[in-house]
Amino acid sequence: MSTLYDFALRMGDNTLILGHRVSEWCGHAPVLEEDIALANTALDLIGQTQLWLGLAAEEEGSGKTADDLAFLRDAWEFRNALLCELPNGDFGRTLMRQYLFDEWHLLMLKALQGSSEKRVSDIADKAVKEVSYHVERSRDTVIGLGDGTAESHKRMQEALDYLYPYVGELFTPDAVDTAAAEAGLAPDLASLRAPYDEALAATMAEATLSLPDSRFAHKGGRTGKMHTEHLGHILTQMQWLQRAYPGAAW
Amino acid sequence: MAATRLPGGRVVTQASVEQVYAWLDEVPDPEIPVISLTDLGIIRHVEWAGETLEVTVTPTYSGCPATSVINLDIETALRARGIEKLTLKRQLSPPWTTDWLTESGRAKLEAYGIAPPQPAGGPQQCPRCQSQHLERLSQFGSTPCKAQWRCKSCLEPFDYFKCI
C-alpha cells in the first residue's frame with residue numbers, strides 16, 4: 001500500500017481511538033461544562049477521523065469507506081500511537097493525556113499545512129483551527145490542576161509520570177515516516193521534538209510539575225507491531241454493532 | 001429563470017445563480033434556525049455544469065453533526081424549486097472562518113441571544129442587557145461553534161459564537 005495510505009491511516013487512527021476514549025466521558029465528567037467540553041473535543045477528533053480515514057479509503061482504492069476502516073479492522077491493523085488508547089483514568093489523567101497529544105498534534109498539523117499533497121494540506125488547514133482550541137484548554141487545565149490543591153497536584157504528577165513514557169513514540173520515525181518526509185508529504189517526525197520539548201517545559205513549569213528525566217519510550221502502536229491490551233477492549237465496544245449486524249445503517 | 005443553450009444546441013431554462021443563492025438564503029441553519037446557510041457563509045460556490053447544478057459547501061467544524069442535515073436541507077429546498085440534477089461538493093480549504101458570517105447574520109444572532117464572534121476572542125457585550133461585565137463559563141457550548149459565557153450584571157448565561 002502507498003505511503004499516503006499508511007500516513008493517513010496513522011493520523012486517522014490516532015484521532016479515532018483518542019476521540020472514542022474522550023467520548024467515554026460523556027455524561028460522567030465532574031461538572032457540566034467539562035462534560036460538554038470533552039464531548040466537543042471528541043466530536044472534533046471523530047470529525048477529523050472521517051477526513052483522514054476517508055482519504056485512506058480513497059487511496060486504498062477498493063471502494064472501502066472511512067466507516068469500513070473504522071469498524072471492520074482488528075487490533076493488529078490499527079496504527080494509532082499507544083498514548084491514544086490508554087485508559088482515561090481520572091479527569092486529571094485524561095486532560096494530561098489530551099495535553100501531551102494536543103501539543104504534538106498541533107505541531108504536526110502546522111507542518112502538514114505545507115504538505116506536497118493537497119488533500120493532506122486541506123485536512124490540516126481545517127483541523128489546525130480545532131486543535132489550536134483543544135491545546136488552549138488542555139494546557140490551561142493541566143496548569144490549573146497541577147498548580148492547584150495538594151491532591152490535584154499529586155494526581156497530575158502521577159498522570160505525567162504514567163503517560164510520559166508514551167510520548168516518545170510520537171517522534172520515532174520508521175520506514176513509512178522516512179518515505180513520507182522524503183516525498184514532502186509530512187515533516188521529519190524527529191524535527192517536531194525540540195519545539196514540543198520547549199512547549200512542555202514551559203507548561204510544566206507553570207503547572208509546578210516535574211517532567212521525568214527518562215526518555216524511555218513504549219512503542220509499537222504506530223507500526224502495529226504491539227498494541228496495549230486496552231485497544232482490543234475499545235474495539236469490542238466500538239465495533240460490536242457492525243460485527244453483530246454487518247452493514248447495519250441508520 | 002434564464003434560457004441557456006447547451007452544447008449540442010438544445011435550449012433549457014435554468015434558474016440563475018443569483019436565484020439559487022436567494023433560495024439558499026431561505027434555508028435555515030438546522031442548529032441555529034434564526035440564521036440562514038448563506039448568513040453562515042458556508043455556501044462557497046454555485047454554478048451550472050451543463051444541466052447539473054453544483055453547490056459547493058464547506059463544513060463549519062469537521063465533526064459538526066449538522067453538516068449532513070445541512071446537505072439534506074439544501075437538496076430538499078432546491079428539489080422543491082424544480083432543480084432535478086444536483087451535485088453537492090465539499091470544500092475543506094480555505095477552511096470556514098467566522099469572518100464569513102454576514103453582517104445581517106451577526107445582527108440576527110445577537111437579537112436571538114447569541115453574542116456574535118469578535119476578533120478579540122470573547123463577546124463584546126451581553127446580548128440581553130448590553131453589559132460589558134462578562135465572564136467565561138466554558139470554552140465549549142451546546143454546539144461545536146459556541147462557547148458559554150455569563151453576564152455579571154444581569155447574571156444570565158448566554159452563548160457566544162466562537163471566533164475561528
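**Figure 1. The lining of the largest pocket in this predicted model draws its largest share, 9 residues, from helix α2 of chain A.** The pocket holds about 1,500 Å³ of space and is lined by 44 residues. A:Ile46, A:Gln50, A:Asp67, A:Phe71 and A:Trp250 lie nearest its centre. Two or more lining residues each come from α1 (3-23), α2, α3 (66-71) and α10 (229-244) of chain A, and from α3 (66-80) and β5 of chain B. By class, the lining has 25 nonpolar, 15 polar and 4 charged residues. Ala, Val, Leu, Ile, Met, Phe, Trp, Tyr, Cys and Pro count as nonpolar, Asp, Glu, Lys and Arg as charged, and the others, Gly among them, as polar. Helices (H or I, at least four residues) and strands (E, at least two) are DSSP runs, numbered from the N terminus. On a 1 Å grid over the protein atoms alone, a pocket is an open set of points with protein on both sides within 12 Å along at least five of seven lines; a cavity is a set where a 1.4 Å probe fits but cannot get out, and lining residues have an atom within 4 Å of a point. Points are joined across faces, edges and corners, and a volume is the space filled by probe spheres set on them.

Residues are numbered from 1 along each chain as its sequence is written, and chains are lettered from A and ligands numbered from 1 in the order in which they are written. In this predicted model local features need pLDDT of at least 70, side-chain atom pairs count only at pLDDT 80 or more, and totals for chains, interfaces and linings use all residues, while side-chain values use heavy atoms, with hydrogens and water left out.

**Figure 2. Helices α2 (residues 32-60) and α5 (residues 91-112) of chain A pack at an angle of about 35 degrees.** Their axes are 13 Å apart, and the crossing is left-handed, meaning that the near helix is turned anticlockwise from the far one by less than a right angle. Axes are lines fitted to C-alpha atoms, for helices over the stretch in contact, and angles run from 0 to 180 degrees between N-to-C directions. The contact has 7 nonpolar, 5 polar and 1 charged residues.

**Figure 3. Three strands of chain B form an open, mixed sheet in the order β3-β4-β5.** β3 (43-49) and β5 (86-90) of chain B stand at the edges with a single partner strand each, so one side of each has no neighbour in the sheet. β3(B) and β4 (residues 52-57) of chain B pair in the antiparallel sense over 6 bridges; pairing needs at least two bridges found by DSSP. B:Val46 stands opposite B:Val55 in β4(B). Helix α1 (residues 17-24) of chain B packs on the sheet and touches β3 and β4 of chain B. The hairpin of β3(B) and β4(B) has 2 residues between the strands, and B:Gly50 there takes a positive phi near 65 degrees.

**Figure 4. A cis peptide bond joins B:Ser93 and B:Pro94.** Omega is about 0 degrees. B:Pro94 lies in the loop between β5 and α4 (103-112) of chain B.

Notes: Contact means heavy atoms within 4.5 Å.
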